[in-house]
Amino acid sequence: MESEFVANVRRSAEELFASGLLCAESVVLAIAKSQGIESELLPKVATAFCSGMSRTCGPCGALTGAVMGLGLVMGRDQSTDSLLDSYVPTQKLIAEFEKEFGARNCNDLLGCDLGTPEGQVVFSEKHLHRLCLQYTGKAAEIAARLIEPDV
């Protein structure tokens, strides 16, 4: 059963996406919000990660937003801190996302290349933003489970 914390992070990411933000922006903002972190820099730093790293067929923006969110919570403050505190949950996030959807790259998940005019037409005509909403919610959910405070 999904905890209230996890459900709230997922819902927040989906609502942000539905409001017009893109995948990476929505996920990192939802995770940050869950931790009481607010900064106008967060959507800005995430924007170029959206649409498969700026329409280059790279990793799904929702997934990269979740990685950034994990980094906000579990990243290190000093060079002497362990990398494993963020690497291990990030590896789990990516593995679970890939298991759920069969891929991690935007073009593989959507079946089109957003960097081409043809891909843009396919995205629009097939209403693939609905898939992006699904990826956004799931990436936020997985990350939230990984950072959920011990109850």
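**Helix α9 and its neighbours**

Helices α5 and α9 pack with their axes 8 Å apart, at an angle of about 20 degrees. Before going on, a word on where this comes from: the model is predicted, local features need pLDDT of at least 70, side-chain atom pairs count only at pLDDT 80 or more, and totals for chains, interfaces and linings use all residues. Residues are numbered from 1 along each chain as its sequence is written, and side-chain values use heavy atoms, with hydrogens and water left out.

Helices here are DSSP runs (H or I, at least four residues; strands are E, at least two), numbered from the N terminus. Two packed helices are described by the angle between their axes and the distance between the axes. The axes are lines fitted to C-alpha atoms, for helices over the stretch in contact, and the angles run from 0 to 180 degrees between N-to-C directions.

α5 and α9 are therefore roughly parallel to each other. On this scale, angles under 35 degrees count as roughly parallel, over 145 as roughly antiparallel, 65 to 115 as roughly perpendicular and the rest as oblique.

Which residues meet? From α5 there are A62, L63, A66, L70, V73 and M74, and from α9 there are Y135, T136, A139, A143, L146 and I147. Contact means heavy atoms within 4.5 Å. By class, this contact has eleven nonpolar residues, one polar and no charged. In that count Ala, Val, Leu, Ile, Met, Phe, Trp, Tyr, Cys and Pro are nonpolar, Asp, Glu, Lys and Arg are charged, and the others, Gly among them, are polar.

Now α1, residues 4-18. Its axis and that of α9 come within 8 Å and cross at roughly 150 degrees, so α1 and α9 are roughly antiparallel to each other. This crossing, too, is right-handed. The contact divides into ten nonpolar, four polar and five charged residues.

Next, the spaces. The largest pocket holds about 260 Å³. A pocket is an open set of points on a 1 Å grid over the protein atoms alone, with protein on both sides within 12 Å along at least five of seven lines; a cavity is a set where a 1.4 Å probe fits but cannot get out, and lining residues have an atom within 4 Å of a point. Points are joined across faces, edges and corners, and a volume is the space filled by probe spheres set on them.

Of the 20 residues lining the largest pocket, L22, S51, L114, F123 and C132 are the closest to its centre. α9 gives the most to this lining, with four residues. The lining has 13 nonpolar, six polar and one charged residues.

How many cavities of 30 Å³ or more are there? The search of the whole structure finds one. The largest cavity has a volume of about 30 Å³, and S51, R55 and D113 are among the residues that line it. α4 gives the most to that lining, with three residues.

Finally, S51 and R55 in backbone terms. S51 lies in helix α4 and has a positive phi of about 55 degrees although it is not a glycine. R55, also in α4, has a positive phi near 65 degrees.

Conventions. A crossing is left-handed if the near helix is turned anticlockwise from the far one by less than a right angle, and right-handed if clockwise.
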